[in-house]
Amino acid sequence: MHVSSFTIKSNVEDFKTLINNELDKGFEPNLCIAYTDSLFPYQDIVTILDEHNIQLLGITTAGEIADAEVHTNSFSGLLFDIRPEYFNIVIESFEEGLEKETAEKIAFKAKEKFANPGVLIYASGIGTNGDAIVSSLRNSLPEETGIFGGLAGDSFRYTNISVFTTEKENQSGLVAIIFDCDKMRMTGDSFSGWDALGKTHTITKSERNIIHEIDGIPALELFESYFGNLDYVKQENSDTLFLIPGIYPLKVDENSNEYMRSVLLYDGENKSLILAGEVKNGHTFRFCPTPNFDAVKNTVSHFKKLADRTGEVDCVIINTCAGRKVAFGPMFGREIKHIYEIWNVPTSGILTLGEIGNFPGTTTYGFHNVTCNVLTLTEYN
């Protein structure tokens, strides 16, 4: 399998030139995985791909990764020359609250297509329930099935969060590429790098992604006992909901599996915290402070261990949280650069609004916030 990475920042004509140059070199791609800013004229590139019979998995983003660099306002991705019987692209729309049922459809098609499937999946829409998608896939697929991906974005404009193929686009839907893992090796891992601080707390009253009480205390009161009165911004069309930058996440323990939850909003009237993913009563957690450079070093070191296990790979896909860029500042670009340098192969990726991948060092898959997930793809010889 031959793979080539690319990024286009100026105009669609540059993509035409790129394709023609690849064809002149004897590279005839038949698959494209693409990450794009929602304001980039990506529909025109979709037309070009269709004209060349290149199948497409496309996602709008909160930022794009191309090899060692992080971009905005670009169309970036990977081009593959891969046997068509090794993969299948599926796109399904869903109505609000029906993510679980739609994910079940994806899982059914995966099992129908391959005896040993692996899934790279992305969801569009505002407020999409990533936990429901992952739990549905886990319950519907064989336990060993790899599940990676995330939630699409549009650089926090919240006007066009889409997933698309050459044939269809959905602003409320799922798009997945299903690989035959008897022919393709999918290996990945997740890591946040955040250090927790203070005592361990227990969630004593919650519903889905809203925490009402922690240790029997109103959640907002406990949060402010750690971080004080921050400069909050009132959410549009609400007198009680206020935005929080997401820089003080929760590191949650679920049956010894750790995952991160960003705090996005608080409700001043009800004294509750609103998270970017679900939590459950009885789960314990610690708050995390603003990260330092050790978080980057720890994350890169974690993925070096993944490289030791995987050996040579054909390409790398990075699904990492847009909140990391906000919290890490200039360190975020260094993290991406150092991860690229581990394998030094064609690399692309997305800044997501939530990540799908395994819990660190396990084969159990979940939904994450402010976490970096790395997926490697390799064709078996």
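Mentor: C372 is buried, its relative accessible area being 0%; buried here means under 20%, exposed means over 50% and partly exposed lies in between, with a 1.4 Å probe and protein chains only. The model is a predicted one, in which local features need pLDDT of at least 70 and side-chain atom pairs count only at pLDDT 80 or more, while totals for chains, interfaces and linings use all residues. Residues are numbered from 1 along each chain as its sequence is written, and side-chain values use heavy atoms, with hydrogens and water left out.

For C372, the closest cysteine sulfur belongs to C321 and lies 10 Å away, which is too far for a bond. A disulfide requires a pair of cysteine sulfur atoms within 2.5 Å, and by this rule the count is 0 disulfides. C181 likewise takes part in no disulfide, with the nearest cysteine sulfur, that of C315, at 13 Å. C181 is buried as well, at a relative accessible area of 14%.

Helix α1 covers residues 12–24, and its 13 residues reach 19 Å from first C-alpha to last, close to the expected 18 Å; the expected span is 1.5 Å times one less than the number of residues. In α1 the buried residues are V12, F15, L18, I19 and E22. Seen down the axis, they fall within an arc of 105 degrees, and therefore line one face of the helix. The arc is taken from the directions from the helix axis to the C-beta atoms.

Definitions and conventions
Helix = DSSP H or I, 4+ residues; strand = E, 2+ residues; numbered from the N terminus.
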